[in-house]
Amino acid sequence: MSADAVHLFLNPTAGRGRAGRRQARICELLQRDEFALNVHRSRAVGDLEQRVFDCVSAGGRRIVVAGGDGSVHEAVNGILRASSEAALGVIPSGTGNDFAKAAGIPLDWQHATTLLAERIATGAHPRGIDVGRMNGRFFANGAGVGLDATVTRIARSYRVPIGDVVYLLAIFRAMIGGIATPNLRISHGDSLREGPITLANVANGDWIGGMFNIAPDAKNDDGEFDLLVVAPVSRPRVLQLLPKLMAGTHMDEKEVTHARIQGVLIEADDDVDCHLDGEMQPLQRRFEISLLPGALRLL
């Protein structure tokens, strides 16, 4: 496999099929005389990760993903599982594109593709992006335990093409039976907190779900996570907090605590929902989360 080639990975279903429909135009914008372009289309969940893993293990060094946060999540795991120094380029074509926002990538996919092609052609040096690891899986944007993971699970059950609004619907549905508050033990450094918690979110980037500015000061290249813990809240209080969460003005609310961390251990009495980059993980009780500074090379 030529190390000079650029490998484009597409999830045709990302963004309700937008990535697949954009393939021809993306290839047109990316194609340059300076490098060969190889296209790989994923077929199922996990397929893109395996294809990226195989590609970089065989010597591929420039990986481009056209898709959403789920595609980025798979690509990052494929690259880092292979212990590869391959660089990743992202063309945002999903619903939320939270990683693209955090990384300063234009959300206009054609503009993003044009800039990426120029950077590759001119040999621009990749920049380092922090990555997290939880129980052996890597994440680029964030990890969540509790309500935000439950909302993600519910949102994934909808198949209607309504974009980010699906997360608002999922929140309302999650509230029907009351807000779950699992008993958690959260420890980092010399700090220990134990008791009922609505959610614990470890943010590498500032956005989740496309529309929630959960950690407005988070930067994915500063060598730290932003840990947000929310105490038990009533359903009416959730409705009060939602606009603040969307605007990023919730940080001083009495239920919210915040810390800058490089790692955290979260333990639950019972199995709880959790997600990485908006991708649901198996129900678990122990979440060991660590930071890998600059582990991802971003084109």
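# Close-up views of a predicted model

**View 1. Asn135 in a loop.** Asn135 is partly exposed, with a relative accessible area of 37%. The model shown here and in the other views is predicted. Asn135 belongs to the loop that lies between strand E5 (127-134) and strand E6. Although Asn135 is not a glycine, the residue has a positive phi of about 50°. Most residues other than glycine have a negative phi.

**View 2. Ser83, with a positive phi.** Ser83 is not a glycine either, yet its phi is positive, at about 50°. The loop that holds Ser83 runs between helix H4 (69-81) and strand E4 (87-92). Is Ser83 buried or exposed? Ser83 counts as exposed, because its relative accessibility is 66%, and the cut-off for an exposed residue is over 50%.

View 3. Gln284 is placed in strand E16 (residues 284-298). With a relative accessible area of 17%, Gln284 is buried, since the term applies under 20%. A polar atom of the Gln284 side chain lies 3.1 Å from the backbone oxygen of Pro282. Leaving aside residues up to four places away in sequence, Gln284 touches Met134, Asn135, Asp270, Asp271, Val272 and Cys274.

**View 4. The aromatic pair Phe139 and Phe225.** A pair of aromatic rings is described by the distance of the centres and the angle of the planes. The count for this model comes to one aromatic pair. The ring centres of Phe139 and Phe225 are 5.6 Å apart and the ring planes are at 25°, so the pair is stacked; the cut-off for stacking is under 30 degrees. Phe139 belongs to strand E6 (residues 137-139) and Phe225 to strand E11 (residues 225-230), so the pair ties together parts that are 86 residues apart in sequence. Both Phe139 and Phe225 are buried.

**View 5. Charged side chains over aromatic rings.** Arg81 lies over the face of Phe53, at 4.4 Å from the centre of the ring. In another example, Lys101 is placed over the face of Trp207, and the distance to the ring centre is 4.6 Å.

View 6. A disulfide is a covalent bond between the sulfur atoms of two cysteines. How many disulfides does a search of the whole structure find? The search finds zero. For Cys55, the closest cysteine sulfur is in Cys27, at 15 Å, which is too far for a bond; a disulfide requires the sulfur atoms to be within 2.5 Å. Cys55 is buried, with a relative accessible area of 3%.

**View 7. An open sheet of six strands.** Six strands, in the order E12-E11-E10-E7-E14-E15, form an open sheet with antiparallel pairing. Strand E12 (256-261) and strand E15 (279-280) are the edge strands, and each pairs on one side only. Within the sheet, strand E10 (residues 199-203) and E11 run antiparallel and are joined by five bridges. Leu199 has Val230 in E11 as its bridge partner.

**View 8. The buried residues of helix H8.** Which residues of helix H8 (residues 165-175) are buried? They are Val166, Tyr167, Leu168, Ala170, Ile171, Ala174 and Met175.

Note on methods
Residues are numbered from 1 along each chain as its sequence is written. This is a predicted model: local features need pLDDT of at least 70, side-chain atom pairs count only at pLDDT 80 or more; totals for chains, interfaces and linings use all residues. Side-chain values use heavy atoms; hydrogens and water are left out. Rings of Phe, Tyr and Trp (its six-membered ring) pair if their centres lie within 6.5 Å; planes under 30 degrees apart count as stacked, over 60 as edge-to-face and the rest as tilted. Helices (H or I, at least four residues) and strands (E, at least two) are DSSP runs, numbered from the N terminus. Buried means under 20% relative accessible area, exposed over 50%, partly exposed in between (1.4 Å probe, protein chains only). A charge sits over a ring if NZ of Lys or CZ of Arg is within 6 Å of the ring centre and within 35 degrees of the ring normal. A polar contact is a pair of N or O atoms within 3.5 Å; within protein, one must be able to donate a hydrogen and the other to accept it, and residues adjacent in sequence count only if both atoms are side-chain atoms. Contact means heavy atoms within 4.5 Å. Two strands pair if DSSP finds at least two bridges between them.
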